[in-house]
Amino acid sequence: MSGRAQLMWDEAVTGYDFGRSHPMDPVRLELTRKLVGAFGLDRAMEVVAAKPAGESTLRLVHREDYIDAVKAASVDPDSADGSYGLGTPDDPAFAGMHEVSALIAGQSVGAAEAVWRGDADHAVNFSGGLHHAMPGGASGFCIYNDAALAIARLLELGAERVAYVDVDVHHGDGVQAAFWEDPRVLTISLHEHPRTLFPQTGWPQETGGGAGEGAAVNVALPAGTGDAGWLRAFHAVVPELLADFRPQVLVSQHGADTHFEDPLAHLAVSLDAQRAVQVACHDLAHEHADGKWVALGGGGYAVVEVVPRSWTHLVGIAAGREVPPETVIPEEWRQAVYARTRESGPRRMTDGRWPVSWASWDEGYDPADRVDQAVLATRRAAFPLRGLLP
C-alpha cells in the first residue's frame, strides 16, 4: 500500500441543489471544502476529481427504467415521474440532476477503486453517503446511491467481503436493500429508532434474507441518545462484528445529523463524539481490513455550525493529519462563512466535550437503560445468525 490518502472533490458536486427552501443545502459541501483548505489538509493528500458514474456502473445497483426516469427529469424537471420518487418535496427534480448525481456517485466509486487497487489507503468523499436511494427510486434527498455503487464496484473488482458501517441518524435503508441477500456485504447501521424518524425502517429484526441472512445489522437508538450511549452502542456492536467478518474493505458513512443541533432528527450527539467514531472507524479499518477505508459523508442539516467541522475532522483523520478538537478555526474561514451565509461560524473544532467518556459493554448491562435495551435487541437478533454470542 502506498500510505497515501485521497480526497475526492469536484466543485461541480455543489450543483446537487434541490432549491433554496430544501434542507439539503449544497453550501455545506462548499464550506467543508473551504475549511479543509483553511487547515491545509488538502496538501496532505491527493485531491482527485473522478469521472461521473457511467450508465453501466449505475446499473450495478439501479434499474435501467429508473435511470431513464432520472435522465428525463434532468432535462425537463416539470415532467418528473413521481412514481419513481422524483419531483417530490423530498426529492425535487432540477435541471442537470442526473449529471450531478452521477458525478457524486463517481467520486465514491473512484474512492473505492483507488483503495482496492492500492493507489491509496484511505479515500474520502464527503459529498457522498446518499444512502436512501433505492434500485428503482429516489428517496430521502438521494437520487443515486453512491455508497451502494461503491460497494458494488468493489465486488465487481473481486472483493469477497465488504463491510459497510453507517452512523447517520437515519437508517441506511437503500444500502441494506441493495445487498439484502448478499453474504459478501455486511451492513451495520446505527440510527434513531424507526418509530420516531424517517425512513421508519432499521428494526433489529431486519437481518438480511436468503443467503444474506445475518448480513444486515441494525441498532435502533431511542430519541435523545447522547454521546455516552451512542459510543457505547457503537462499540458494543461494530468491533466484534468486523473482527468476525474480516472485511477486505471498510466503507463507512458519516452523516453529521446525529448532532444535537440538527433540525431534522432527535439524537443528542456532539461533534466530539462524531469525531471519536471517525477515529474508531479508521482504527477498525487498520485492525480488520488492512487499512482499506472508504469514508463518505451523508446527512447533516446544521450546514454552518456542524457539518463542515465534522467532515473536516473526517478528512484530517484519513489524511493522517488529525485536527485536535481544541483547535481554533482560521479566521479567514469564518469570514468566508459570514460573506456566504450571513451567519457567524463556530470558533473551535470542538463542542467542548473532548475527550468523550463512555462505558464498555463488557462492564455490564442495565436492563432499565433504553440504549442498553436497544443494543441487546440487536445482539439477540443478529449475533447468533453469525455464530456469535448475544
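Mentor: In this predicted model, helix α11, which spans residues 370-382, gives the most to the lining of the largest pocket, with four residues. The lining includes Arg 370, Gln 373, Ala 374 and Ala 377. Also in the lining are His 193, Arg 195, Thr 196, Trp 203 and Pro 204, together with Ala 220, Pro 222 and Ala 223. By residue class, the lining of the largest pocket comprises seven nonpolar, three polar and two charged residues. The volume of this pocket is about 210 Å³.

An unreviewed UniProt entry lists residues 22-315 as "domain: Histone deacetylase".

A helix pair may be considered next. Helix α3 (residues 64-75) packs with helix α4 (residues 97-117) at an angle of about 125 degrees, and their axes are 7 Å apart. Because angles of 65 to 115 degrees count as roughly perpendicular and those over 145 as roughly antiparallel, α3 is oblique to α4. On the α3 side, the contact is made by Ile 67, Val 70, Lys 71, Ala 73 and Ser 74; on the α4 side, Met 97, His 98 and Glu 99 take part. The residues of this contact of α3 with α4 divide into four nonpolar, two polar and two charged.

Conventions. Residues are numbered from 1 along each chain as its sequence is written. This is a predicted model: local features need pLDDT of at least 70, side-chain atom pairs count only at pLDDT 80 or more; totals for chains, interfaces and linings use all residues. Side-chain values use heavy atoms; hydrogens and water are left out. UniProt positions are given in the numbering used here, feature names are shortened, and annotations may be inferred rather than shown by experiment. Axes are lines fitted to C-alpha atoms, for helices over the stretch in contact, and angles run from 0 to 180 degrees between N-to-C directions. Helices (H or I, at least four residues) and strands (E, at least two) are DSSP runs, numbered from the N terminus. Angles under 35 degrees count as roughly parallel, over 145 as roughly antiparallel, 65 to 115 as roughly perpendicular and the rest as oblique. Contact means heavy atoms within 4.5 Å. Ala, Val, Leu, Ile, Met, Phe, Trp, Tyr, Cys and Pro count as nonpolar, Asp, Glu, Lys and Arg as charged, and the others, Gly among them, as polar. On a 1 Å grid over the protein atoms alone, a cavity is a set of points where a 1.4 Å probe fits but cannot get out, and a pocket is an open set with protein on both sides within 12 Å along at least five of seven lines; lining residues have an atom within 4 Å of a point. Grid points are joined across faces, edges and corners, and a volume is the space filled by probe spheres set on the points.
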